[in-house]
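Here is a note for a colleague opening this entry for the first time. Please keep the sequence and the model side by side while going through the points.

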Amino acid sequence: MSDYHCLDIEFPNINFDSYYIRGNKVNSVHHAHLYTDVNNIELRFFYDEQTYFGEKLMEWSREINWRKFGSFIKVELTKNHTNKSLQKIDLSEAELIGYKSSSQYYENGKKYIIIKINSLKFYWNPNKEIQNIGEFYLDDKGFRVVEPFYTVFTRKSFFKNDGKFEINRMNDSKKFYKLEKSSFRPEFDVHSSDNKKDRTATIIKKPKIQFKYQNGITEEKAILYGDVVLMLASFYHHIKIDYTIRKIYLKEYTITTKTIEQKNYYDIDGNLQGFGINWDFNKFLQSSWQVETLRNFILLSKAIELFNQALLVDNYSAFLIRYNIIEICDKQKQDAEKFTSSLTKQQIKIKHGEALEKLLETIIPNEHEDFRKRWQDVQANLQNKPMKNQLISFLESQNLDINSFPIKIKDLKDLRNNITHGSISKVDVEQLRKANILLYRISGILILNLMGIKDWKLNRIIN
């Protein structure tokens, strides 16, 4: 069996002949070889050199959003592909991360260009022995998610050296956690390698989230559950954690998704202590977050992405991001509260008419008609009591006492306006530092509220 997959790839609705106006007409379908390894996913597009397709593809790629590369292509397995257990390959979510071209790139008389992407999905024939199971392998950052659930790797018995070793789960972390139609827990996938001639044998621990699904689980639900757990881990640990490989064993097919791991990142170690919660991740997963987290998943995904992003930027940018988290979490709509009338409707109508006549005395006669029309809107607005400030109203609805904040709401709004409008000279650096600490705590609490977790306490002391 070859070390690559043969594909026929089409770029619907893209006229490559309009780019780099040279050469013969570009074919509508392009033969490609898909190569994958631990650190790379690449497509080798083969083409007639006289079409200059490689040059045209590179020129076209400079105009598009690389994150949406997969949406521009239609992928089919070649009719003579040799792996009969493979049903299809999906590249619709793939992002373009680079390309390589060289005058040396030839194979069997055809020139090729290499396109590097970040993810792909395989659909395989179902595994009759394994079904309704999911294995979601985490990247290096995910090691911190699984490691606290285990003791250290040791000899099975300290009293005899029989060559037996084990790694056990911590006593309070053996159960699976319920999530709608699934249950899950963090696990290590342990592999060993050895060579009889070497003195050292190797044990490799791969962090993963192990899922069990109820009958009738769909691919969409299985992916959602995996994304929910990943989101929880990313929030708790204050760093974006990703899956590198996802294996979902369903009745209809087995799905394998591969994503290239981000190797370069700014490392941060977080927890929930900044929000007054002294839980480890195990305790966090045991809390009642399931219903509200699923209901607010889209909003939470956006808020948590911004929450972690704010930890990576300068103080000015962090402040704006955290302020923005408050705004996007604010889903409330204030209902206008009306004044209590002391007159009947007829009496009110008479009084309004008298008031209008008095007001018309202040306007020149040829504008009276326009003023009468404007008066209709004014009458409606006069019935409503003044509404609370939207920001204050929202924070109060989240059980936050704004009067106890170490920084006034007005000062927070002034900071936001000065930074947004470029008036950096008006910003007190020490006040900005304290404001960032406060908004870090508030934004985290708002996220916990969206999850349905109410065990937080706002620390009002900022040193």
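1. Is Arg 416 buried, partly exposed or exposed? Arg 416 counts as partly exposed, because its relative accessibility is 26%. The cut-offs are these: buried is under 20% relative accessible area, exposed is over 50%, and partly exposed lies in between (1.4 Å probe, protein chains only).

2. A word on the source. The model is predicted, so local features need pLDDT of at least 70 and side-chain atom pairs count only at pLDDT 80 or more, while totals for chains, interfaces and linings use all residues. Residues are numbered from 1 along each chain as its sequence is written, and side-chain values use heavy atoms, with hydrogens and water left out.

3. Arg 416 has a charged partner. It forms a salt bridge with Glu 327, with the closest N and O atoms 3.2 Å apart. Arg 416 lies in helix 11 (residues 409-420) and Glu 327 in helix 7 (residues 315-329), so the pair ties together parts that are 89 residues apart in sequence. Glu 327 is partly exposed, with a relative accessible area of 37%. A salt bridge here is a side-chain nitrogen of Lys or Arg within 4 Å of a carboxyl oxygen of Asp or Glu. Helices (H or I, at least four residues) and strands (E, at least two) are DSSP runs, numbered from the N terminus.

4. How many salt bridges does the structure hold? The count is 18. Side chains of opposite charge can pair when their charged atoms come close.

5. Glu 42 and Lys 116 are another such pair, at 3.3 Å from N to O. Glu 42 sits in strand 3 (residues 41-47) and Lys 116 in strand 8 (residues 110-117), so this bridge ties together parts that are 74 residues apart in sequence. Glu 42 is buried, at 12% relative accessible area. Lys 116 also counts as buried, at 18%.

6. Asp 17 and Lys 25 form a salt bridge too, their closest N and O atoms being 3.5 Å apart. Asp 17 is partly exposed at 22% relative accessibility. Lys 25 is exposed at 64%.

7. Now the helix packing. Helix 6 (residues 297-309) packs with helix 12 (residues 429-451) at an angle of about 155°, and their axes are 10 Å apart. Axes are lines fitted to C-alpha atoms, for helices over the stretch in contact, and angles run from 0 to 180 degrees between N-to-C directions. Helix 6 and helix 12 are therefore roughly antiparallel to each other, a label for angles over 145 degrees.

8. Which residues form a nonpolar patch on the surface? They are Phe 153, Val 190 and Ile 203, with about 240 Å² of accessible area together. Patch members have over 30% relative accessible area and no salt bridge; nonpolar side chains (Val, Leu, Ile, Met, Phe, Trp, Tyr) are joined within 5 Å, like charges within 9 Å. Areas come from the Shrake-Rupley method with a 1.4 Å probe; for residues, only the protein chains shown count as cover. Val 190 belongs to strand 14 (residues 182-193). It is partly exposed, at 39% relative accessibility.

9. Last, two backbone points. Asn 13 has a phi near 65°, a positive value in a residue other than glycine. Asn 13 lies in the loop between strand 1 (5-10) and strand 2 (29-36), and is exposed at 84% relative accessibility. His 238 has a positive phi near 60°. His 238 lies in the loop between helix 3 (219-237) and strand 16 (243-249), and is buried at 5%.

Note on methods: Parallel < 35°, antiparallel > 145°, perpendicular 65-115°, else oblique.
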